[in-house]
Amino acid sequence: MACLHDHSCEDHDCSSNWSLYKHIDMSKVSALNEAVQGSVKSVFRAWEHRLDSSGGYLESNEGDPELIVFIPFTSDVKLKSISIVGGADGTSPSKMRAFINRDGIDFSDAQSMQPVQEWDLVENLQGVLEYQTRFSKFQSVGNLTLHFPDNYGGDTSQIHYIGLKGEATQMKRDVVATIVYELMPNPSDHKAKAESGGGLSQIQ
């Protein structure tokens, strides 16, 4: 479902609503079939700069419009909606499929697997549309994979902006791993920690 972003951002804190880009582990963001390696990282930025693609944009290889974008987060997030600003002249993606908490999805996987949700996209050159998620299914998202199988007839697909609306949890993903380790501590570590007074504290 697409919703129209129909209010003035001067009266609403849109930048805060769309701030999940701050929780993306940018060093691990990747894309399959991108024409320029690493260009996918340029599509994540503040909401108020969504139409500024001077820093680059994601484009597929010539004659192959299909794209996969892998987005890992530094903490689990609750994802409410997604905004996609595509290119002109038929290069905007026409469909989007979402997978969560799955690493290493390739095109064969994406075509054969059932997505958590999929959307038919419209050309959104002004960034005024957002696509709502089935929120109950996007509650503990550690990573998000977006599959764009086709476009509106262009030789390539272009994505100029990906916006993610939602909220991040307080628990960092590396802390979750540490807690799992602490549930089964090494006996040789126990004495040292007791002597040092070390322990876990929740990140605020």
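His 49 has 42% relative accessibility in this predicted model, so it counts as partly exposed, between the 20% and 50% limits. His 49 sits in the loop between strand 2 and strand 3. In sequence, 112 residues separate His 49 from Tyr 161, yet their C-alpha atoms are 9.0 Å apart in space.

A pair of aromatic rings is described by the distance of the centres and the angle of the planes. The count of aromatic pairs comes to one. That pair is Trp 47 with Tyr 161, in an edge-to-face arrangement with 6.4 Å centre to centre and 70° between the planes. Trp 47 lies in the loop between strand 2 (30-32) and strand 3 (58-59), while Tyr 161 belongs to strand 9 (residues 158-172), so the pair ties together parts that are 114 residues apart in sequence. Trp 47 has another neighbour as well: Arg 50 lies over the face of the ring, at 3.9 Å from its centre.

Here is how accessibility compares for the residues discussed so far:

| Residue | Relative accessibility | Class |
|---|---|---|
| His 49 | 42% | partly exposed |
| Trp 47 | 3% | buried |
| Tyr 161 | 0% | buried |

Now to another part of the fold. Strand 5 (residues 95-100) and strand 6 run antiparallel and are joined by four bridges. Met 96 has Trp 119 as its bridge partner in strand 6.

Technical notes
Residues are numbered from 1 along each chain as its sequence is written. This is a predicted model: local features need pLDDT of at least 70, side-chain atom pairs count only at pLDDT 80 or more; totals for chains, interfaces and linings use all residues. Side-chain values use heavy atoms; hydrogens and water are left out. Two strands pair if DSSP finds at least two bridges between them. Helices (H or I, at least four residues) and strands (E, at least two) are DSSP runs, numbered from the N terminus. Rings of Phe, Tyr and Trp (its six-membered ring) pair if their centres lie within 6.5 Å; planes under 30 degrees apart count as stacked, over 60 as edge-to-face and the rest as tilted. Buried means under 20% relative accessible area, exposed over 50%, partly exposed in between (1.4 Å probe, protein chains only). A charge sits over a ring if NZ of Lys or CZ of Arg is within 6 Å of the ring centre and within 35 degrees of the ring normal.
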